[in-house]
Amino acid sequence: MSVSYKREKICEGAEYTEIIDKRFKTNYIYIHLLEPMDRKNASANAVIPDLLHDSNEKYPTITALSRKLASLYHASISCGVSKLGDFQVVSLMSGSIADKYTIDGDNISGEVVDILLDCLTKPHLENGIFAENDFRLKKQELLDDIDAEINDKRKFAVGKAKENIYKGEPAGIPVNGYREDAEKLTCADVYKRYTELLKNARIEVVFSGYGIGDEDKNKIFDRIRALERNAPAEYKTVPSAKKSDMVYVTDRMDVNQSKMVMAYKTDCTSKQTMKMLSFVFGGTPFSMLFENVREKLSLCYYCPSGYNSKKQVLLIDCGIEHQNINPAREEIYNQLELLKKGEFTEELLSNSKLLAKSSLKAVYDSPGSIANWYLDQCMEDNIVTPEEEAQLIDAVTKEDIVAAANSLVPDTVYVLTGKENPANE
Amino acid sequence: MNKKIIESKRLDEKYTVIEHPSGLRICIWKMEGYSTTHALFGTKYGSVNTTFKTKKDKDFITVPNGIAHYLEHKLFENEDCDVFQLYAQTGASGNAYTSFDRTCYLFSCTDNFEKSLEILLDFVQKPYFTEETVAKEQGIIGQEIKMYDDNPDWCVFFNLLEAVYFNNPVKINIAGTVETISHITPELLYQCYYAFYNLQNMVLSIAGDVDEDKIIEICDRLLIPNEDMELQTVFPDEPDEIVAPLVRKSMEVAVPIFNLGYKCAALEGREMLKAEVETNLVMYLLAEKTSDFYRKLYDEGLINSTFSTEVFSGEGFFMPIFGGESRDPEKVAELISAEIERCKKEGFDREQFENAKKAYYGSLVKDLNSPSDIATNMINKTMSGLTAFDELEIAAAVTLEDVENRLKAQFDTSRGVLSIIDPIS
């Protein structure tokens, strides 16, 4: 495989990760601004990338910028806001086909890099701040996004559960902040927040794709070095605090199907052990939960477990008939007890490892997945490659999993159900 | 065995199509250096195929709605074990899906490709249904159906289809209803299986760093030749008119969600692909971010970034659809119809057209990055009697006149249907 990986320091608090792979026909550049999740900044940070990505000083309207991007073979400037442990990540990305694949060999990479950097550092302004009308629309869109969280009931239930699981912790703040905070945003405040973000956030630039010329790469370095910067404060995600008693929360809505989310916390610091525990328990279509809750008892269509290694939290979520909330919960408890007693086969563990290692190899096959891998890694003390991670997974034993299962502390059971159904207790 | 190389000089890419003596068409795209291999084994059988006849039947039979999807679930269980258990031993990640006109079984893997291919070919050719296993699935699929019943995007779309089509079975929910699936029996599943899972009606599509000769050797060994069942399917006559111009329902959503479709006649093969390319370009020119019209809707706060367009097409159906969130969907629908009429009279701007064409071409190239995208594209196009490069060639050759003619032919505003999901007041 002809992949090259490089990590370079741009300046204090800003790093550049480059993954070049000639198999790809595209180039992606991700600029991530990372700050500790903080309620007072959360909503402003959520609206900023939306204000940056569809105009800039040179192309001041969505129409002008979209037309320019269309002429560059459907190049895209997109944006996002996400959570990574206790961090809020504000992202701006460009995607374009490599120069080699344009119809007449047109050179478009340089222009795409310029547009991306202009969106980040030279936004369209009026009277020294974001254009008021643009701001009004983007703020409304943020409010709509917050309100629309109820549209996807599974996501809504997991989000509500997380607010309870991480109560009082940065990770418990919704990624878009709270409606009441978003309502109070003003254009001037958000512009001020934008300048602070550029000055104080940790910056991670990740390039993934066919490759761009040195000149274009140097532009990225020069423009980021030219920013007025403070050294970002040292900050690390900490494991979620355990509760003394399990918390039960029920929300009611006009729904056809109930959703249940269960969370457990652990002291186990081996990410790979917990990952394998989750695979064995509910992370695959041959896991204990899939085999029993879905296949044997026909209680649900989905019932997977997932592990958040940054917060050391194991999460299980399922969609069930209203009257099956208790039977499903009992069976999940039952399977967990079996896991704690080691009542699962070595074969289940080795098959789980096989699947995990297979997905690690596949990380290299898409520019997006390899870029995400390294963004995730840059938050860790030691950066490991997918191959190194596979070796660590291979070393996990059944005994490790049983010990880790016995370290699990019940934390939260969240249920979203119909208006007339019994409470969750 | 007939072997054909399908080549794109434009992309410097090629793949092989083999007409296997069993009747199966096999597509193989060798992707050197990729870790992942993606394989799909599919049949031209979906939720719309509810009435059919083979040479063994005296008359046409009509089966319960949702049976194609039910069959997909049940095929995963063979006499001795679950197919997921078999994939677990190779590290492959298996799955399947049923659409309106296709059912595909697939896996992705990074190791043990040949063993996983054997599993795929074996289980899809060996149905095993009993009263007990069929009954067990009703709970699982029942929960899948209820999950979709709570999904407003799904509901707004199926309500649209109900208001567009009088008789076309495309309006039926792919999974059926809890009531229709209660009539499914092992006998009916076998009847559908032997009618549609005939190798002459199927395609195998593989993309990855694979050895073509080994694939053929496995196919020679495992494919079970079957007699031509002289399958006939019928679609009820569908009037040109729409059922109702407006349909609305209330659900737990924050902002109204809408789908606006214009009923068109169904097309087939290359003609359908050409219409898809041109209709996509019409919608791009009408209402993509590059258009003044999008800007007007956006600036007036009538649409937000969820606004999107799609061409809904397949066996027996073709319809352009606009959709998204809006506080005033009826106003948006009225303005879109007015803009369609204006563009019919005034035509499109040539420069905008050239940019739209480049953008569309660029998006097709971007879609050729991963084994899963490529294998899926090959199976879809092969089932429609096309090649994986036809769309790119049509897009490169399309003219402004083609697109303007398509606008006139395919966007009849008297056949517009608006589906709205309102928030519960």
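Strand β10 (residues 258-265) of chain A is joined to strand β12 (residues 313-320) of chain A by 8 bridges, and the two run antiparallel. Here, strands (E, at least two residues) and helices (H or I, at least four) are DSSP runs numbered from the N terminus, and two strands pair if DSSP finds at least two bridges between them. Within this pair, A:A263 stands opposite A:L315 in β12(A). The structure is a predicted model, in which local features need pLDDT of at least 70 and side-chain atom pairs count only at pLDDT 80 or more, while totals for chains, interfaces and linings use all residues. Residues are numbered from 1 along each chain as its sequence is written, chains are lettered from A and ligands numbered from 1 in the order in which they are written, and side-chain values use heavy atoms, with hydrogens and water left out.

The wider setting comes next. In chain A, 5 strands form an open sheet with mixed pairing, in the order β9-β13-β10-β12-β11. Its edge strands, β9 (247-252) and β11 (305-308) of chain A, each pair on one side only.

Turning to chain B, helix α12 (residues 350-366) and helix α14 (residues 390-397) pack at an angle of about 165°, with their axes 9 Å apart. Axes are lines fitted to C-alpha atoms, for helices over the stretch in contact, and angles run from 0 to 180 degrees between N-to-C directions. α12(B) and α14(B) are therefore roughly antiparallel to each other, a term for angles over 145 degrees. In α12(B), B:K357, B:Y360, B:Y361, B:L364 and B:V365 meet B:E391, B:L392, B:A395, B:A396 and B:A397 in α14(B), where contact means heavy atoms within 4.5 Å.

How values were computed. Parallel < 35°, antiparallel > 145°, perpendicular 65-115°, else oblique.
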